[in-house]
Amino acid sequence: MKQTIALLAVLASGSAFGACDNARIPAVPAIPDGVDASYEEMQGAREAVAEYVESAEAFLDCVQPIPMMHNYVVERIERTANEFNAEREVFLQQQDAVAAN
C-alpha cells in the first residue's frame, strides 16, 4: 500500500514538473524607445515584459539554481522591468506633451 501511494506521488509530481525538463533562462524582450514608440508597441512591450518576468520566475522555481545564478536572473528581471518603466515614463510624457498642444 505504501509503495502504491509513493508511486502515485512520484507520478503526480512528474507531471507537475514536466515543464522543468527543458528549463532555460528566457530571452530578454526588446524594449521600444519611449520617444518614438506607438501605443501598440508599448502595449506589446508591456505584455512581453510581463511574460518574461513570469517565465524567469518559473525558471527559478524549476531549477533552484545556485545563488550566483539566482542573483543573475533576478538582476536581469529587475533591469528589464526598470528599463521598460523608464521608457514607459518617456512615452507617457510624450503623450502628455502631444495632448497639451
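Which residues make the nonpolar surface patch of about 450 Å²? In this predicted model, that patch is put together by Ile66, Met68, Met69 and Tyr72. Patch members need over 30% relative accessible area and no salt bridge, with nonpolar side chains (Val, Leu, Ile, Met, Phe, Trp, Tyr) joined within 5 Å and like charges within 9 Å. One of the four, methionine 68, sits in helix 3 and counts as exposed at 70% relative accessibility. The scale here runs from buried (under 20% relative accessible area) through partly exposed to exposed (over 50%), using a 1.4 Å probe and protein chains only.

A word on bookkeeping. Numbering starts from 1 along each chain as its sequence is written, and side-chain values rest on heavy atoms, with hydrogens and water left out. Since the model is predicted, local features need pLDDT of at least 70 and side-chain atom pairs count only at pLDDT 80 or more, while totals for chains, interfaces and linings use all residues.

On the overall fold, the chain has three helices and zero strands, giving the pattern α-α-α when read along the sequence. Helices (H or I, at least four residues) and strands (E, at least two) are DSSP runs, numbered from the N terminus. Of the 101 residues, 22% count as buried. Among contacts (heavy atoms within 4.5 Å) with a separation of 6 or more, 77% link residues 24 or more positions apart.

Setting aside neighbours within four places in sequence, threonine 80 touches Val28, Pro29, Ile31, Val49 and Tyr52.

Charges come next. The structure holds one salt bridge, that is, a side-chain nitrogen of Lys or Arg within 4 Å of a carboxyl oxygen of Asp or Glu. The partners are glutamate 75 and arginine 79, whose closest N and O atoms are 2.6 Å apart. Both lie in helix 3, four residues apart, or about one turn of the helix. Glutamate 75 is partly exposed at a relative accessible area of 35%, and arginine 79 is partly exposed too, at 46%.

Elsewhere on the surface, Asp33, Asp36, Glu40 and Glu41 gather in a patch of negative charge. Aspartate 33 belongs to the loop between helix 1 (2-16) and helix 2 (39-63), and is partly exposed with a relative accessible area of 39%.

Arginine 88 is found in helix 3 (residues 67-100) and is partly exposed, with a relative accessible area of 39%. Its C-alpha is 9.2 Å from that of valine 35, although 53 residues separate arginine 88 and valine 35 in sequence. Histidine 70, also in helix 3, is partly exposed at 34% relative accessibility. Histidine 70 and phenylalanine 59 are eleven residues apart in sequence and 9.7 Å apart in space, C-alpha to C-alpha.

Notes
Areas by Shrake-Rupley, 256 points an atom, 1.4 Å probe, with all protein chains shown as cover. Lys, Arg positive; Asp, Glu negative; His and termini not counted. Charge placed at Lys NZ, Arg CZ, Asp CG, Glu CD.
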